[in-house]
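Below is a short report on one protein chain.

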Amino acid sequence: MDRLEMRTISKEFGGIAALRQASFSAGGGEVHALMGENGAGKSTMMKILAGAYDHEGGEILIDGIAASIQSPQDAIRKGVSVIYQELSLARHLSVAENILIESFGQTVFVNRRAMNKRAAELLADMGFPDIDPMQEVGDLPIAYQQVVEICKALSRDCSILVLDEPTAVLTTHETAKLFDLVRRLRARGVCVIYISHRLDEIFALCDRVTVLKDGATVGTWETAGLDADRLTSLMIGRDLSDFFPVRDATLGDVALEVRGLNAGPQVQGVSFAVRRGEVLGIGGLVGAGRTETLRAIFGADPVQGGEVQLHGQPVTLRSPGAAVRAGIGLLPEDRKHQGVLLNMPIRVNAVLTPVNPHRGPLGLIRDWAERAQTETLRRELRLKAASIDAEAGTLSGGNQQKVALMKWLVSGCDVLLLDEPTRGVDVGAKVEIYRVINDLAAKGAAIVMVSSEMLELIGMCDRILVMRGGQVTGEVSGPAMTEANIIELAMGAANVH
């Protein structure tokens, strides 16, 4: 018998079907992947399970018994816990307080010694005896905060645990520890539902995979019977042969040149040039200085030395506003906090730059022109939204990224700095973002793209610079653009072929 069954679940938002009789089931002692493009219905399905959303049709069964889940409290009482990307911990409270406040905080006087002792036992049982139960959660590394969140769930006798993009901000070492914990939970009979866009994690950890597309269930497969190409094709509904669209851009004059740029310890003597129509990649390990380099060029961080030239002329960019007015745009790594205003409509986000072509001589916005261009961009970017008046926060991650791109298309920047443009974006949305990048290059834009995915750099870029310790350690192009060469340069090796 399956631990969890969700049968023919339907859900609409504003007349748009988010789920269309979608079904899903997972057993105890199983790690089950829930896969699909952004907007496929994964998060909606899990929020219904968590009691955050109601549903218009279908039923939920837990251990074969129909379960009425009307609120998050209902879900918790029935053994369901969901760990979202944005952790719901009280950062100013201790580890023990976060884990056990519900059970120990019901009386006037809290037995802190007993609470700390019980928290230490739970953490040790999970394989993390080094986490101090008396330490403030906000002082812990993000990976350990995630462990505290899971420990809190297990303290409630959780039998169904949902992990939503759990490794999005974890290092390789932290991810390995999380995997060990998930395997330990599987051995204890917990039903783990795992949502991730990282295919390598799915094949390393999960027993079965259920794929959703456009709100409906495509099917369920044993992970051992799939490979990455097949799974990706199931999610996006097409072959991978066009995953990286063919580029046909003509390179023009040098648009941006950076000479000996210094900006703190992570940007030391960085030099490069990028031409019109070119996509220049920047690779390297975490902390290599890639993001800091883009921020310094964009005027977001102070520059201590060096020179930036635009179209052959030196420029001094002391602020992002100055950079935008000069024709430079930056798509930041953190779209939720720096790329879009989640509580504002799409049409407002689309023009949030110092350069608004729809502003009249008296500073008034020509609303009809603004709406018309935003509608055109919505179609060109294949943005999935009910209307341009929808709040950006209601969109999936991939569609939020498209909204973040919109304002640079509106402002007409001819130099674009893209920092991890497809992070947290599903494979289908990646293909569409790649198409936009290629279109911009074909129109003469000069593009600098930072990415931690080496295959993405190899598939999209004309050349790749590799950084290490704030410096450029080398450049590869043509047949030399291989994963091995990028890794060697990122690690400081010189034997690049």
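## Fold and cores

Residues 24 or more positions apart make up 66% of the protein chain's contacts with a separation of 6 or more. The model is predicted.

The secondary structure of the protein chain consists of 17 helices and 20 strands. Its radius of gyration is 24 Å, close to the 23 Å that the globule rule gives for 497 residues, so the chain is as compact as a globular protein of that length. Along the principal axes, the C-alpha atoms fill a box of roughly 70 × 50 × 50 Å.

Now the surface and the charges. The protein chain exposes about 21800 Å². Carbon and sulfur atoms supply 51% of that area. The chain carries 51 positive and 61 negative charges. Their mean positions lie 3 Å apart.

Next, the interior. Of the 497 residues, 52% count as buried. In soluble globular proteins, nonpolar side chains tend to be buried together.

| Nonpolar core | Size | Residues included |
|---|---|---|
| Largest core | 125 residues | Ile150, Leu256 and Leu417, those with the most contacts inside it |
| Second, separate core | 27 residues | Ile9, Ala50, Ile62 and Val80, among others |

Helix α15 spans residues 427-442.

Note on methods. Residues numbered from 1 in each chain as written. Predicted model: local features only at pLDDT ≥ 70, side-chain atom pairs only at ≥ 80, totals over all residues. Heavy atoms only, no water. Helix = DSSP H or I, 4+ residues; strand = E, 2+ residues; numbered from the N terminus. Rg over C-alpha atoms; globule rule 2.2 N^0.38 Å. Buried < 20%, exposed > 50% of the residue type's maximum accessible area, 1.4 Å probe, protein only. Contact = heavy atoms within 4.5 Å. Areas by Shrake-Rupley, 256 points an atom, 1.4 Å probe, with all protein chains shown as cover. Lys, Arg positive; Asp, Glu negative; His and termini not counted. Charge placed at Lys NZ, Arg CZ, Asp CG, Glu CD. Core = buried A, V, L, I, M, F, W, Y, C linked by side-chain atoms within 4.5 Å.
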